[in-house]
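Q: Please take a close look at the backbone in the loops. Describe it plainly, one step at a time.

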Amino acid sequence: MTTTLATDSRAHTATPVLPTADAHLTLRPLPTGDARITGGFWALRQERNGRDAIRGGYALLEAAGNFRNLRIAAGLETGDATGPIFMDSDVTKWLEAVAWEYGRAPSDDLLDLQREVTALYSQAQAEDGYLDSVQQIRGKGERYTDLKWSHEMYCAGHLYQAAVAQHRATGDTGLLEVAIKNADHLVRTFGPGADHKQDIDGHPVVEMGLVELYRETGNRDYLDLAHWFVDARGHGIIERAGGEPTYFSDRVPSRDATTVEGHAVRAVYLAAGAVDVAIETGDTELLAASERQFADMMATKAFITGGLGARWDWEAFGDPYELPTDRGYAETCAAIGGIQWAWRLLLATGKPVYADAIERLLYNAFLAGVSLAGTEYFYVNPLQQRDHAHQDENRSPAHGRRGWFDCACCPPNIMRTFASLDGYLATATDGGLQVHQYATASLGSVEIETGYPHDGRVVVTVTQDGPLALGLRIPAWSDTTTVSGAGGEANPAPGTLHVIDREWTAGDTVELVFDTTPHRYVADARIDAARGQVAIERGPLVYAVEQADQQGFTVDDLTVDAEAPITEERQDGLLDGVVTLRVPGHAPAEHVQAAWPYRRLDASRPGGADHAVDATSVDDAAGSEGAAPLLQDVTATAVPYYAWANRGAAPMRVWLPLAR
C-alpha cells in the first residue's frame, strides 16, 4: 500500500491518541488546540517542564552519548556505541516531548532542536528502513537475533509515537518519513506468512506506535501488524527463544489473560496497545479482556498511590496483594503506561472509573517521580523511606531524585507526559463535552477556574450559545458533591458522570464543590505490609509524613490514632503551596534499643504491659524482654506524597501504624 502524507490538514491537532473516524469509541479526544491548561497547579509544572526539563534534555542526551550513537550509525563519527541497547528510545521520547511542547507553546528554538535531531535520524537509517543505532554499531550487520532483549521494535515504537507527535504538532514530515520507512520494513519482515519472521519484541510499545502511525497515514498494514503482535503473545515465542514467559507478558494470550503479570512497564504498554487495536478493529473480545485485566490490577496489584509494580527484582508485578511499602518499586514509567492504558479504556467505554484511575495515577504515582523544579527524577517510588534505607546509585530514593540515569527511560517519559497533559482533560461526543480532569483550562466551549487539587471548588463557564450536553466527572472520593448554577442544583453520586443537557447562553456558569475532607484508609487484610496501619487521603491526594516536618520524634517511631480529628492548614509558601494535615499520634519519649526487639503482647510477666517503664528506668528497660516504651502525645504533619523529598531525601511513610 502506498502511503500519502497529509500536508497541513492534521497539523496542530496535537493529541497523543487520535482514533480514526471509523474507530469503535464511546468518547473522542479533544485536539490539544481545543484543550489548553491555562493556569494553576498543572500550568506551573508544564512551564518548568518546557522551559527547563525539555530544553535541558538536549544537553543530557548529548552527555549520555545518545546523539553520538546516532552520529556513528550515520557514519559521521567513529567508535563504539555507548549505553544500553535501547538508547534511541530516550531520544525519541524526548523528541515527542519537544513536539507536544511546541504544540502547547510554539517556539523557534524547539523547531530547531527537533529538525536537527530528526536530520540525524534520517542520516542514521539504513537504506531498507532499519534503524537502531546501538545494534547497527554493535551488531556487525546482524538484526533481530535476540528480540527478547534487544528492544529493536521497542525503539521503533517510540520512533513512531515521536513522528506522529511531530507531524500533528508542527506539520513537519521529516521524522514521519523515517518512521514510515521503518514501519514498511517491519511489515515486510514480521507477521504471518512463511516468508516472515514469527517473532515479537521482548518489550511492547511497537503496538501503540503502529496503531498511531496507521491513524496518521491510513496505511492498514500497520494496524494489521499491531494486531498480529498483540495476538502473538502467549503462544511460546519468547519461551522458545530462551526467555521466561511471565516476565515478558508472554505466558497467556492477551485475550485470555485475567490479570497483569511480569515486568510492569511491559505489561501495561502491551495492554494499552491491545486497546488501541480493539478500538480500531472493533475487537470486542480483546477490549473485554483488557477491562478484566485492568480491574484485577487495580483490585489486587496497585499501591494506594496507583503505583504499579511491587518488586525490585525484574521490575515486576508481584502476587495479588503483594504490595510492600519500603521495597515497593512503582516505577514512574509504569505509572505513565497505566495512564495511557486507562485513557484508551475511557475512550472505548466512557466509564468514569477509568478517569478516576487516571487522576490517582497522575497526582500520586506519576507526579512523585519528578521534583517540583521539574528536572530531577525518581525511577522508583516506594511508600516508605527508612532512616537507613538501602541505596542503589541509580534508582533508590535514598539518594533523592537524580537529574539522569544510566537507564534513562523515566525522565523523557515524564517530559512527554507533561507536554501532552492537556489532551487528557476532556472528551467529546456528538453534542456533548465531558470534563474528566479538573484544572484551570480552556476546553472548547467551556472555561474552567479552580484551585484543584488542593481546593475542591471548580467553576465551569460556558462560552458559546447553544445546546450542549455538559458531562462533569464526580470523583469517587467525594462523599458529597454539590453542583449548582445553570440547570439548577444537584447532588450527584460519587464515581459518576453528571450530565447537564440544556440550551446554554454564553456566560452561564456551573459550580462544583467536592468534599475534600481528609479520610483514613485501611488496606485489605491480605496486603501484609499495610496491616494495622492507615493511609490518609484528602481529595485526590495521598499524603505522607516526612521527617522534615516533624519535631521531637522520628517518622519511624510514629503511631497514630484511628479517630482523632485531622486538621488542615493551607501553606502557600511550602512546596509550591500545599494543604498540610495535622495528625494526632504518639511516639516514644525516648527511643530504647532493647536486647531483643520483640515482646509479649499479654501482661503475664512484670514489665509486659504497655507503659510499664517510666522515664527513669529506660536504662534497665534496654536489657529487658517485654518492656514497652513510654509514649508521648505528638502531632504529625503530613504533606502530599507527590511533594516528598524536595527538601532532601529523609525518612517518609505513607502507611502509618495505628496506636494500640
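**Loops between strands**

A: Pro-453 sits in the loop that links strand E7 (446–450) to strand E8 (457–462). Strands here are DSSP runs of type E with at least two residues, numbered from the N terminus. The model is a predicted one, in which local features need pLDDT of at least 70, side-chain atom pairs count only at pLDDT 80 or more, and totals for chains, interfaces and linings use all residues. Residues are numbered from 1 along each chain as its sequence is written, and side-chain values use heavy atoms, with hydrogens and water left out.

The bond between Tyr-452 and Pro-453 is a cis peptide bond, with omega about 5°. Most peptide bonds are trans, and most residues other than glycine have a negative phi.

Leu-575 is not glycine, yet its phi is positive, near 50°. Asp-576 lies in the loop between E17 and E18 as well. Asp-576 is also a residue other than glycine with a positive phi, in this case near 70°.

Accessibility is the last item. Buried means under 20% relative accessible area, exposed means over 50%, and partly exposed is in between, using a 1.4 Å probe and protein chains only. Leu-575 has 9% relative accessibility, so it counts as buried. Asp-576 has 36% relative accessibility and therefore counts as partly exposed.

Definitions and conventions:
Helices (H or I, at least four residues) and strands (E, at least two) are DSSP runs, numbered from the N terminus.
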